[in-house]
Amino acid sequence: MKRLLALTVCALVLSACATAPEPAAGKVDPKNPFPSTYLALPGQPTALVGATILTGTGDKIENGTVLFKDGKVEAVGAGLAVPAGYATVDAKGKWITPGIIDVHSHLGVYASPGVTAHSDGNEATDPNTAEVWAEHSVWPQDEGFNSARRGGVTTLQILPGSANLFGGRSVTLKNVPARTMQAMKFPGAPYGLKMACGENPKRVYGGKQRAPSTRMGNVAGYRAAWIKADQYAKKLKAAEKGDGAPPDRDLELETLAGVLNGEILVQNHCYRADEMAIMIDIAKEFGYKITAFHHASEAYKIADMLAKQGICSATWAGWWGFKLEAYDGIEENAALLEKAGACVVIHSDDANLTQRLNQESAAAIAAGRRLGIDIPEATAIKWITANAAKMLGIADKTGTLEAGKMADVVIWSANPFSVYAKAERVYVDGGLAYDRADPKRQPKSDFMLGQPEGGN
Amino acid sequence: MRALLLFLAWLAAANLAHADTLAVVNAHIYTMGKAGEIKNGTIVVANGRITAVGTNVAVPKNARIIDAKGAPVTPGIFVAGTNLGSVEVDLETSANDGATSSATISAAFDVAHGIDPNATTLPRARAGGVTHALVTPGYAGGDGRELLFAGRAALVALDASRPPVVRARAAMMLELGEGGAARAGGARGSSIEALKADLDDVRWYARNRGRYNTGASRELRLSNADLAALLPVVQKRMPLIVRVHRAADITAILAFAKQQGLRIVLSGAEEGWMVAREIAAARVPVILGANDNLPGSFETLGATMENAARLHAAGVTIAFSNGEDGHRIREVRYDAGNAVAQGLPYGAALAAITINPARIFGMAGTAGSLERGKQANLVVWSGDPLEPMTQAQTVIIAGREQPLTSRAEDLARRYKDLTGPLPQAYKQ
């Protein structure tokens with residue numbers, strides 16, 4: 001397994017691999033100074049047999065089999081023969097899905113317990129902190145990672161908070177227990193840039209008697225930053241072609257330039273439809289792409305526009321009204337977006353909800369049906385698997401059960417859209433990361449050692 | 001008023017009479033009463049009350065028939081603890097009447113005054129099958145405010161044709177543990193002493209109203225309004241809901257309540273399972289969140305999703321709250337389903353969102369079960385009521401079939417089709 005990963009390191013480790021050669025041993029790649037040291041948990045060739053499989057590609061297979069080996073899915077289908085030497089898991093009556101992906105998590109950066117010492121998610125000291133990286137706040141001992149895994153979550157995007165116009169870089173993690181953040185870092189996942197619209201930045205900085213204190217102040221802030229970033233990116237590019245010296249290193253501008261170069265994905269916290277439309281125009285003005293709007297409570301109002309632009313909306317079913325920009329949030333949001341052909345993701349933004357993204361999706365399906373929009377379960381599962389992977393730029397690696405993808409797999413005790421379904425086994429890259437029936441496969445953080453044994 | 005007008009318009013459209021005679025037939029009835037579960041039964045409703053429940057029930061000729069087609073019928077969902085109706089938008093203080101930071105009003109705070117009959121949260125809750133709730137006050141910031149009590153809770157029924165508050169001042173709210181400590185100088189050692197001093201003051205006040213009114217009072221920490229509000233608590237006429245989390249804090253408040261002769265209800269109690277037998281022995285009910293399993297603070301390190309199942313197994317009466325989030329109150333039934341997945345018997349989970357809260361807050365004569373003579377509060381579901389995929393088909397409160405429309409649904413319908421010659425604003 002280690003060898004396999006080492007061989008594929010260039011393909012996996014860096015999105016910039018295509019443009020930058022792999023640095024020699026001992027050298028630090030300037031674009032990847034905190035490289036992933038992730039190694040898959042030990043696994044064995046495995047056959048999960050007899051389950052109802054939601055593949056994440058839109059298919060539902062009855063009485064199906066999943067074969068995986070060396071951390072990769074080999075085959076998925078009905079009536080597959082189990083090769084010799086494979087560990088066979090009887091999954092009759094169970095359901096199987098790809099590992100759940102939560103595209104909006106603050107695990108590790110707002111770790112449990114939620115004490116002052118763990119408040120590491122918002123560098124709320126300047127409206128533009130594109131220079132900070134969430135990964136430098138991630139505490140791998142957050143017990144929330146273990147709770148999330150019990151809910152089937154195998155991949156998470158950890159984002160900085162939304163106090164700032166530019167909150168900093170996100171990091172995508174494999175949900176395995178580890179001593180270091182680097183050992184969780186999803187090999188080859190691109191970085192994201194957290195941006196935030198609306199109430200939060202203007203409230204935080206308006207409250208400090210400084211800009212932005214209005215939505216127009218927010219927009220001026222984005223544009224001013226992109227103007228500087230554009231100049232920086234142009235100088236960098238020119239220097240690469242031998243035209244002048246490169247600009248002085250600037251962490252803030254490096255991140256923004258990474259967006260302009262297409263290496264870093266924009267993950268934009270934005271509730272209101274009209275603000276999303278403005279953000280789309282800003283992206284056009286400066287030549288970058290918005291990968292996703294997060295929360296996106298009003299995305300349904302511009303579902304056609306979002307479909308056309310190819311922008312994903314990551315949202316909830318039941319959350320609304322906690323602030324005015326979320327007042328028009330409706331349970332039907334996901335179904336309306338799906339109907340319009342837009343990319344939908346159900347996210348959590350919450351250490352509790354992340355454990356039940358399947359149920360949140362069920363509520364969204366039900367809301368659609370109430371409105372006469374019937375989204376099949378095989379489609380809805382994409383909201384927390386394939387579409388989520390697409391949003392994080394890792395759709396070629398995980399998010400579906402297809403040959404060659406990472407064997408990130410969940411066996412559910414029942415239809416995952418039922419409230420009674422429990423994740424019984426969770427495989428990450430083919431390694432058994434959690435087994436509800438085996439206490440030896442139920443990891444516990446250092447923090448929880450010697451604490452009351454609540455269990456589950 | 002808007003809700004009432006809408007309801008009247010709806011009534012006219014549906015051509016329904018107010019005091020309808022109804023019969024829900026072919027129903028899988030969870031009575032939550034002595035009759036238990038009735039697989040294929042009928043419920044007859046007349047003049048707002050249930051006149052018959054069972055298998056061999058005569059349906060009156062004038063009854064309007066609601067055919068459940070075998071689907072589950074339960075009492076309306078009763079949520080024991082929410083800010084429903086008192087908070088329209090959490091972050092807007094002008095649209096949030098759920099808590100006070102007043103320097104002189106704490107125990108006297110009466111959340112009922114801030115429950116807006118036209119709150120958009122109410123129809124959304126109703127469409128989700130919620131018919132009753134205890135609206136509890138929370139705590140607002142208020143730097144350095146050393147007042148322990150949050151104030152008085154109110155019972156609401158979500159009948160669209162009536163004002164929601166059915167009983168104000170139904171319970172007193174108090175938070176201890178870390179929150180209480182923060183309001184008493186920062187440590188637990190002072191919060192329970194401050195509480196004791198406050199209750200002593202209330203008793204002195206009860207005995208010396210004359211001296212108090214002439215200004216010959218001893219020094220009292222609380223305002224006149226707060227002291228008066230706490231009288232029914234020390235007289236055991238009003239339940240005191242104590243929000244507390246750590247096992248040791250639960251043990252402490254159980255002992256304190258016994259010593260002081262208070263009628264308490266625990267809320268939160270994430271570590272309740274660790275002292276479940278003590279809670280059961282004290283016959284103190286517990287209001288809890290089914291999914292609170294994170295070690296979110298140093299007083300919930302033992303939190304587990306099995307808390308509800310373990311408390312129930314120990315003989316504790318439990319009811320589910322939805323924290324303070326009235327916007328998401330319809331999800332409480334899913335929470336109950338999660339508790340079932342974690343070992344709580346199905347009937348106990350249903351009881352925790354129907355008959356138990358009704359009993360705890362003295363509403364069992366009205367709500368919480370489907371029994372002859374009781375007010376008719378029921379929901380016909382499309383399937384298992386604890387499943388997110390299930391919808392409320394028919395909601396009846398006080399014998400009246402309710403509209404299941406909401407502002408959210410209006411928005412969904414308005415934006416279902418984005419084409420058309422005119423902007424969405426022209427769609428009604």
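**Note on the A–B interface and a sheet in chain B**

1. In this predicted model, the side chains of A:D328 and B:R407 form a salt bridge, with 2.7 Å from N to O. The rule finds 2 salt bridges across the interface of chain A and chain B. It also gives 19 residue pairs in polar contact there, both residues being at pLDDT 80 or more.

2. On the side of chain A that touches chain B, the elements giving two or more residues are α3 (144-150), α8 (303-309), α9 (333-339) and α10 (357-370) of chain A. The largest share, 8 residues, comes from α10(A). By class, this side has 25 nonpolar, 16 polar and 16 charged residues.

3. The contact involves 57 residues of chain A and 51 residues of chain B. The two chains bury about 4,600 Å² between them, and 56% of that lies on carbon and sulfur atoms. A:W320, A:Y420 and A:N456 account for 16% of the area that chain A buries against chain B, more than any other three residues.

4. Chain B holds an open sheet of 8 strands with mixed pairing, in the order β6-β7-β8-β9-β10-β11-β12-β13. Its edge strands, β6 (77-82) and β13 (318-320) of chain B, each pair on one side only. From one strand to the next the twist averages 30°.

5. Within this sheet, β9 (165-175) and β10 (240-244) of chain B pair in the parallel sense over 4 bridges. B:L174 stands opposite B:V242 in β10(B).

6. Two helices of chain B lie across strands of the sheet. Helix α7 (247-260) lies across β10 and β11 (264-268) of chain B, running at about 165° to β11(B).

Conventions
Residues are numbered from 1 along each chain as its sequence is written. Chains are lettered from A and ligands numbered from 1 in the order in which they are written. This is a predicted model: local features need pLDDT of at least 70, side-chain atom pairs count only at pLDDT 80 or more; totals for chains, interfaces and linings use all residues. Side-chain values use heavy atoms; hydrogens and water are left out. Contact means heavy atoms within 4.5 Å. Buried area is the accessible area (1.4 Å probe) that two parts lose on being put together, summed over both. A salt bridge is a side-chain nitrogen of Lys or Arg within 4 Å of a carboxyl oxygen of Asp or Glu. A polar contact is a pair of N or O atoms within 3.5 Å; within protein, one must be able to donate a hydrogen and the other to accept it, and residues adjacent in sequence count only if both atoms are side-chain atoms. Ala, Val, Leu, Ile, Met, Phe, Trp, Tyr, Cys and Pro count as nonpolar, Asp, Glu, Lys and Arg as charged, and the others, Gly among them, as polar. Two strands pair if DSSP finds at least two bridges between them. Axes are lines fitted to C-alpha atoms, for helices over the stretch in contact, and angles run from 0 to 180 degrees between N-to-C directions.
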